[in-house]
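Student: I'm new to reading protein models, and I'd like to learn by asking questions. Could you take me through this one step by step?

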Amino acid sequence: RRCTVLGHLTTRRHRMSGTSPGRAAVAVPLGLALGATLGLVARGWMRVASADPEFSWAGTVFIVAAFTVWGLAQAIVLAVRASTSRRWLVTVTRVFGFVGTIPLFVGAGAIMAPTVIAGGLARYRTDWRTWSRALAGVLAAIPVVVVAVQLHDDWAWTWRWWLATAGLALVYGTIIQANRGTMAPQLDGWHVPRYVRILGAVGLVIAIALPPIGIGVT
């Protein structure tokens, strides 16, 4: 009976984390590989999307490094959530995962911060009401539309516009998908106090409303 109880608890823990122990063992190297690869793809996308492309090794190294840090952070979050359901540890790790995403928003990438954050909430906050997730989805779509319109001003309906738009969806769709461990709720019955949720919502609105500020990368 004791084995049955332990098995049930283990299964529940893994269901909550969404990641099996076997996958957790390879999460870190896969996260590094994913981050670096997506960084190279993002750099290539910038070259295609820009009407006046410039190249610098410093900019390229920064972009690839930022994506690699992000990939590593998300892998660590998934690995921790697969190995434990302790609230304090998972919470600290999720904060670490969010901090690891911040380098993606430096410079021109700042405009896509609402897409990544609100998109992750819409995608993974299954404990939220439908209207809340729908609102988050709308907020996530706004920067995508803005960038697509800007690209259209440069490339109209040419193949380059279609390629740049598809690349935008690929890069940031992958980021949102890979942020599961950071954005998904901890299904242990505990809920954030209402005043914290309100402050968080206000902070998110301020972050979206403020003009993007960052370091230009070419």
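Student: How many helical turns separate Phe-67 and Trp-70 in helix α4?
Tutor: Helices here are DSSP runs of H or I with at least four residues, while strands are runs of E with at least two, numbered from the N terminus. Phe-67 and Trp-70 are three residues apart in helix α4 (residues 57–83), so the separation is about one helical turn.

Student: Good start! At which pLDDT do side-chain atom pairs count in this model?
Tutor: Residues are numbered from 1 along each chain as its sequence is written, and side-chain values use heavy atoms, leaving out hydrogens and water. This is a predicted model, where totals for chains, interfaces and linings use all residues, local features need pLDDT of at least 70, and side-chain atom pairs count only at pLDDT 80 or more.

Student: Which kind of aromatic pair do Phe-67 and Trp-70 form?
Tutor: Rings of Phe, Tyr and Trp (its six-membered ring) pair if their centres lie within 6.5 Å; planes under 30 degrees apart are stacked, over 60 edge-to-face, and the rest tilted. That rule gives four aromatic pairs. For Phe-67 and Trp-70, the centres are 6.3 Å apart and the planes at 80°, making the pair edge-to-face.

Student: Is Trp-70 buried or exposed?
Tutor: Buried means under 20% relative accessible area and exposed over 50%, with partly exposed in between (1.4 Å probe, protein chains only). Phe-67, at 6%, counts as buried. With a relative accessible area of 0%, Trp-70 is buried.

Student: How many helices are there in the protein?
Tutor: Of the 218 residues in the protein, 37% are buried. From the N terminus on, the elements run α-α-α-α-α-α-α-α-α-α. There are zero strands, and the number of helices is 10.

Student: What is the rough angle at which the axes of α3 and α4 cross?
Tutor: Two packed helices are described by the angle and the distance between their axes. Axes are lines fitted to C-alpha atoms, for helices over the stretch in contact, and angles run from 0 to 180 degrees between N-to-C directions. The axes of α3 (residues 27–49) and α4 come within 7 Å, and they cross at roughly 145°.

Student: Last one: which residues does a ring-pair cluster link?
Tutor: One member, Trp-161, is buried, with a relative accessible area of 9%. Ring pairs join three residues into the cluster, namely Trp-157, Trp-161 and Trp-162.
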